Amino acid sequence: RRLKRRGTAEGEVRVTGPRTTSDEEEAEFVARHARWVEKSVAEARVKGSFSFAKEGCVPVWGRRVPLAVRDGEKCFVREEEVGALTVSVPGADARAADAEVSRWLLGKAIEELPRIFGRAEAAHRGRFGAPVRLEVRVFESRWGVCNAQKRVVKLNALLITAPVECAEYVCLHELTHLICPGHGAEFYAVLTEICPNCRELKKKLEKTALTALPG
């Protein structure tokens, strides 16, 4: 019904809107938001150049976990007792290490996000109705999606790179959509009731979480 803008992890800016929108209207819309476009592209470039291997750390639940890259025939990531990570790849190649760590992070997100979601759902004792089906995947520009009709919630696996309380906020946000479609006044009234610091957590999430994985 109206023109919308969004930035992607690849540094693109996409504009969507009604089919009746003219080229002139689209061009004027982009020009009007030129500063936002520049900022979005710049942020994506910075995040897109991030390397676990070069930084020597991996963001996990808001912590910068130390990472050591080792030369080895077999590829694996090992959690050390001292709270650090070791990644083994042939030739200690940085790109291969980033890809291996990215796979490890996704696996950890698939394992741990359902527990966080389950706690958030259980804490409100059936307020949101019957249990929902949860899926974890990587999204390009969303932290979560709720299909209230099918009772399916999908969470962005990259939430694992943000503090746990930010992931909990997203869980509550999507659960609220089960009873309040859209983002109107009623929605924010319920969300603020169950998550009083939701606005602060949203800002914290946007500042801390990765929007793309290297490798």
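Tutor: Two strands count as paired if DSSP finds at least two bridges between them, and the strands themselves are DSSP runs of E with at least two residues, numbered, like the helices (H or I, at least four residues), from the N terminus. This is a predicted model, in which local features need pLDDT of at least 70 and side-chain atom pairs count only at pLDDT 80 or more, whereas totals for chains, interfaces and linings use all residues. Residues are numbered from 1 along each chain as its sequence is written, and side-chain values use heavy atoms, with hydrogens and water left out.

Student: How many residues lie between β3 and β4 in their hairpin?

Tutor: Two residues separate β3 from β4 in the hairpin, and Trp61 in the turn has a positive phi of about 50 degrees. The two strands, β3 (residues 57-60) and β4 (residues 63-71), run antiparallel and are joined by four bridges, with Pro59 opposite Arg64 in β4.

Student: In which sense does β4 pair with β6?

Tutor: The pairing of β4 with β6 (residues 85-89) is parallel and extends over five bridges; within it, Val69 stands opposite Val87 in β6.

Student: What is the strand order in the open sheet of three strands?

Tutor: As a general idea, side chains in a regular strand alternate between the two faces of the sheet. Here the order is β7-β9-β8, with mixed pairing. Because β7 (133-137) and β8 (144-147) each have a single partner strand, they stand at the edges, and one side of each is left without a neighbour in the sheet. Neighbouring strands of this sheet are turned by 15 degrees against each other on average, direction ignored, where axes are lines fitted to C-alpha atoms (for helices over the stretch in contact) and angles run from 0 to 180 degrees between N-to-C directions. The parallel strands β7 and β9 (residues 152-156) are joined by five bridges, and Val136 stands opposite Leu155 in β9.

Student: Which helix lies across β7 and β9?

Tutor: Helix α4 (residues 94-122) lies across both strands, running at about 140 degrees to β7.

Student: What is the count of disulfides?

Tutor: A disulfide is a covalent bond between the sulfur atoms of two cysteines. With the cut-off that the pair of cysteine sulfur atoms lie within 2.5 Å, the count is zero. The closest cysteine sulfur to that of Cys171 belongs to Cys195 and is 10 Å away, too far for a bond. Cys198 is likewise in no disulfide, the nearest cysteine sulfur, that of Cys195, being 5.3 Å away.

Student: Is Cys198 buried or exposed?

Tutor: Buried means under 20% relative accessible area, exposed over 50%, and partly exposed in between (1.4 Å probe, protein chains only). Cys198 therefore counts as buried at 4% relative accessibility, and Cys171 is buried with a relative accessible area of 0%.

Definitions and conventions
Contact means heavy atoms within 4.5 Å.
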